Amino acid sequence: MSVARANITMMKKLLIVSVAMFGFGFALVPLYEKICEVAGVNNLLKADALTENIKVDTSRWLTVELDANTRGLPWQFKPMQASVRIHPGELVEVMYEVRNNSDREVAGQAIPSYSPQLLAQHLKKLECFCFTRQVLKPNEVRQMPVQFMIEPSLPDDVRVMTISYTFFELSSDSVDTGGKAKPI
Amino acid sequence: MAAVHDDHAHGHGHGHEHGHDDHAHGPPKGMMRWLTTTNHKDIGTMYLWFSFSMFLVGGMMAFGIRAELFQPGMQLMTPEFFNSLTTNHGLIMVFGAIMPAFVGFANWQVPMMIGAPDMAFARMNNWSFWLLPPAALLLVAAFFVPGGAGAGGWTFYPPLSVQMGMGMDMMIFAVHILGASSIMGSINIITTILNMRAPGMTLMKMPLFVWTWLITAYLLVLVMPVLAGTVTMLLTDRHFGTNFFNAAGGGDPIMFQHIFWFFGHPEVYIMILPAFGIVSEILPTFSRKPLFGYSSMVYATASIAILSCIVWAHHMFTVGMPVTAQLFFMYATMLIAVPTGVKVFNWTATMWQGSMSFETPMLFAIGFIFLFTIGGFSGVVCAVIPVDIQVQETYYVIAHFHYVLVSGSLFALFGGVYYWLPKWTGHMYDESLGRLHFWLSMVFFNVTFFVQHFLGLAGMPRRVPDYALQFADFNMISSIGAFGFGLSQLVFLAAVVKCIRGGKKAEAKPWDGATTLEWDLPSPAPYHSWVTPPVVK
């Protein structure tokens, strides 16, 4: 029967479309990251390169408050100083300290968060413990630097800002599907 | 897969021959009739009753929500349970009530309106329906497992949806099943419409309801698999150590929102396009004039469907996006108002100088145009980024989407039920019950939702069981309206049951202005219709 056969052909085509769209859902994951990369948003976990020679604006003072949190892992995590006063364009280094309070080896990943949000566009980080995952042996203490610079293009009305890090536990069998936090 | 196809072909052919033999006897009796049926009318009926019962379940949840919000302060339930109610009210109304109801209409009407004997894949049709009850059971049973039902909103946003208990897994599985059912249903509808039209019925002669369903079915095939993929990622994040949405593992919770709304925005048009179709059938009938601008209606429907795929991020203007992207999504969203406006103007022009009469289906159709347009306008308001940032996650958004989903989709469904009940049951419904149902719904709907615009503009957040004192009066009005709206639906049930049981005998064509093919069949429509296809001139 020709209609029945035409129907089956149609169903096959539509099934292929459905399966392809299921795959497309997953293809959106790398696509999303590519778009973020091209658009320059959301690259919180990558080192920035200082390409041009930026002049330090000594006429302005900025207060950067440092904040540290842990989420669900037995670590103690704190900045070595509560805040720093810096000039825009000045390269600064601050230290954080993390201590593994448990007697097992724990892997963690720090996720940064900035306040106000627009700081993300003007903050250049050359080095950060958040670029890689940190593995701490039982009771190990580690001091970790963050090297950053805030561009003078930061609007004048922003004088106080917060850089915050939260450590999350990485289970040993977790699969990295995001492609941003590359293990060492 | 090939084996399955052959089986379908065989099953279909067999069913067909069987149909001829069985013609005089009608359907088998008892429970087995409904379990094993491959008849599009039986399956359509089951879809409609299923969606009505889900409508009552979701309605009971809304009842709980409005009871808690009747007064400020915590009165009746824990905040977690309140959040479970809002989450599952949304999920059940979208996937359990509105969508299956439209598929029920498609099952009943599409074969009769295009002159086909049945759906293309009759057995798959049975399977599409019988997947629904287990999914509904999963959704409802989730309330009784440790941790309760999912409470992170019907949109499954991580990180909440990654952290919750097994109720969330049941929600995810339910969505998988519902998605599979929708995809099978859509494949069936597309194939039926494209391959099984009566001789002479060209695409541009199809009734508009068939057109809107054809386009809706394509949208479903395109985006339902994406939703299935998204919730699959959620499931593997929860149990198999992947980190698609887990920031600590290099994933991104905002990416979930992008993928979800890539499905979610076409989804809202999936719920409204068939409603456009139903209204476009009812209006010409009761205006006794052909539909104004038929071809522009078809093109407008197609444009809406295409545009709906590129506007998803207007649901998430506040998550942080480059300004260029925000502007793109804002303009694209506003662009949808153009084809939608074409439709509203065409409907109005259809009524213009028509010989109108106001039976219940027409009342619902006019109520639809009036209230859906209000919902459409508040949609344009929400599309404006600065305004949206203000009203994001407030009751303004709740008011907006209930205007398009309740007084849009649901009113069109009610109108369609009254319009086709004579054909389905062979009896005329009770006109005064129908009118009572319409006016009660119309009044109580507006009492419930119009005031929510004010609440939203004043800043009342959604999904919170308690609120500040200044919101008290409007919330009480809204709750009273909601109780009234819910109870009014019992009038609908009474009208439908009364019509099934008896009433004035319906003629083959009870509406003198009707023109589509189903009215050439006797009322009630015979169990097997158009065994010999009609010829369309």
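Tutor: Start with a term: domain bounds come from an automatic or database domain assignment. For chain A, that assignment gives domain 1 (1–39) and domain 2 (47–169). Keep in mind that this is a predicted model.

Student: How many Å separate the centres of domain 1 of chain A and domain 2 of chain A?

Tutor: Taken over C-alpha atoms, the two centres are 42 Å apart.

Student: What helices and strands are there in chain A?

Tutor: Chain A has 2 helices and 9 strands. Reading from the N terminus, the order is α-β-β-β-β-β-α-β-β-β-β.

Student: And what share of chain A is buried?

Tutor: Of the 184 residues in chain A, 39% are buried. Buried here means under 20% relative accessible area.

Student: OK, chain B now. How many helices and strands does chain B have?

Tutor: Chain B has 18 helices and 0 strands. Buried residues account for 62% of its 537 residues.

Student: Which residues line the largest cavity?

Tutor: The lining consists of Tyr47(B), Phe95(B), Met99(B), Pro100(B), Val103(B), Leu132(B), Leu178(B), Ser181(B) and Ser182(B). By class, that is 7 nonpolar, 2 polar and no charged residues.

Student: Which helices of chain B each supply at least two residues of that lining?

Tutor: Helix 4 (79–114) and helix 8 (166–195) of chain B do. Helix 4 of chain B gives the most, with 4 residues.

Student: Stay on helix 8 of chain B. What should its 30 residues span, and how far apart are its ends?

Tutor: At 1.5 Å a residue, helix 8 of chain B should span 44 Å, and its end C-alpha atoms are 43 Å apart, so the two agree. Also, 23 of its 30 residues are buried, which means that helix 8 of chain B is largely enclosed by the rest of the structure.

Student: What about helix 11 of chain B: how many of its residues are buried?

Tutor: In helix 11 of chain B, 15 of 15 residues are buried. This helix covers residues 273–287 and reaches 21 Å from its first C-alpha to its last, close to the 21 Å expected.

Student: What comes just after helix 11 of chain B?

Tutor: Arg288(B), which takes a positive phi of about 55 degrees. Most residues other than glycine have a negative phi. Arg288(B) sits in the loop between helix 11 and helix 12 (294–307) of chain B.

Student: Why does Arg288(B) count as partly exposed?

Tutor: Because its relative accessibility is 30%, and partly exposed lies between under 20% for buried and over 50% for exposed.

Student: What is the phi of Glu393(B)?

Tutor: Glu393(B) is not a glycine either, and has a positive phi of about 60 degrees. It lies in the loop between helix 15 (385–391) and helix 16 (395–425) of chain B. With a relative accessible area of 32%, Glu393(B) is partly exposed.

Student: Is the peptide bond from Pro158(B) to Pro159(B) cis or trans?

Tutor: That bond is cis, with omega near 5 degrees. Pro159(B) is in the loop between helix 6 (132–141) and helix 7 (160–163) of chain B. The bond from Ser523(B) to Pro524(B) is also cis, with omega near -10 degrees. Pro524(B) belongs to the segment after helix 18 of chain B.

Student: And where is Lys509(B)?

Tutor: Lys509(B) is in the segment after helix 18 (472–501) of chain B. Its C-alpha is 5.0 Å from that of Trp519(B), a residue 10 places away along the chain. Lys509(B) is partly exposed, at 35% relative accessible area.

Conventions. Residues numbered from 1 in each chain as written. Chains lettered and ligands numbered in written order. Predicted model: local features only at pLDDT ≥ 70, side-chain atom pairs only at ≥ 80, totals over all residues. Heavy atoms only, no water. 1 Å grid on protein atoms, 1.4 Å probe; cavity = no way out; pocket = protein on both sides within 12 Å on 5 of 7 lines; lining within 4 Å. Nonpolar A, V, L, I, M, F, W, Y, C, P; charged D, E, K, R; others polar. Expected span 1.5 Å × (residues − 1). Buried < 20%, exposed > 50% of the residue type's maximum accessible area, 1.4 Å probe, protein only.
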